Amino acid sequence: MRIECTKCQYVLDKPDIPRRCPYCSAEGSMRKAKIAQDLIDESE
Ligand SMILES: [Zn+2]
């Protein structure tokens, strides 16, 4: 799935959310990114 860093907006594709950002190494900043398909799924 697509994961983004809330601190530096770095985006990566991984099956699970890493504890820290591989780019800025901020801890706990990674979260599942909102993509268009997610918004469609949620509205159903
Ligand atoms: Zn980051």
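Trainee: Where does Gln9 lie?
Mentor: Gln9 is in the loop between β1 and β2. A word on names: helices (DSSP runs of H or I, at least four residues) and strands (runs of E, at least two) are numbered from the N terminus. Residues, too, are numbered from 1 along each chain as its sequence is written. Please keep in mind that this is a predicted model, where local features need pLDDT of at least 70, side-chain atom pairs count only at pLDDT 80 or more, and totals for chains, interfaces and linings use all residues.

Trainee: Is Gln9 buried or exposed?
Mentor: We count neighbours for that. A residue is buried if 20 or more other C-beta atoms lie within 10 Å of its own, exposed if 12 or fewer, and partly exposed in between, with C-beta atoms placed from the backbone. Gln9 counts as exposed because it has 11 C-beta neighbours inside 10 Å.

Trainee: What is the phi of Gln9?
Mentor: Phi of Gln9 is near 65°, a positive value in a residue other than glycine. Gln9 sits in the turn of a hairpin formed by β1 and β2, with five residues between the two strands.

Trainee: Now the strands, please. What holds a sheet together in general?
Mentor: Strands of a sheet pair through backbone hydrogen bonds, either parallel or antiparallel. The working rule is that two strands pair if DSSP finds at least two bridges between them. In this model, β1 (residues 2-5) and β2 pair in the antiparallel sense over three bridges. The pairing of β1 with β3 is also antiparallel, over three bridges.

Trainee: Which order do the strands take in the sheet?
Mentor: The order is β2-β1-β3, in an open sheet of three strands with antiparallel pairing. β2 and β3 are the edge strands, each pairing on one side only. From one strand to the next, the twist averages 30°; the axes behind such angles are lines fitted to C-alpha atoms, for helices over the stretch in contact, and angles run from 0 to 180 degrees between N-to-C directions.

Trainee: Which residues stand opposite Glu4?
Mentor: Opposite Glu4 you will find Val11 in β2, and Arg31 in β3. Arg2 stands opposite Asp13 in β2.

Trainee: How do I follow the whole chain?
Mentor: Read along it from the N terminus, and the elements run β-β-β-α. That comes to one helix and three strands. The C-alpha atoms fill a box of roughly 35 × 20 × 15 Å along the principal axes. Of the 44 residues, 7% count as buried.

Trainee: What does Cys24 touch?
Mentor: Contact has a rule as well: two residues are in contact if their C-beta atoms, placed from the backbone, lie within 7 Å. Leaving aside residues up to four places away in sequence, Cys24 touches Cys5, Lys7, Cys8 and Tyr10. Cys24 has its place in the loop between β2 (11-13) and β3 (30-32). It is exposed because 12 other C-beta atoms lie within 10 Å.

Trainee: How many residues apart in sequence are Cys24 and Ile40, and how many Å apart in space?
Mentor: They are 16 residues apart in sequence and 31 Å apart in space, C-alpha to C-alpha. Now take Ile17 and Ile3, which are 14 residues apart in sequence and 6.7 Å apart in space, also C-alpha to C-alpha.

Trainee: What else does Ile17 touch?
Mentor: Besides Ile3, Ile17 touches Met30, Arg31 and Lys32, not counting residues up to four places away in sequence. Ile17 lies in the loop between β2 and β3, and it counts as partly exposed because it has 13 C-beta neighbours inside 10 Å. Lys14 is found in the loop between β2 and β3 as well. The C-alpha atoms of Lys14 and Ile3 are separated by 7.0 Å, with the two residues eleven apart along the chain.
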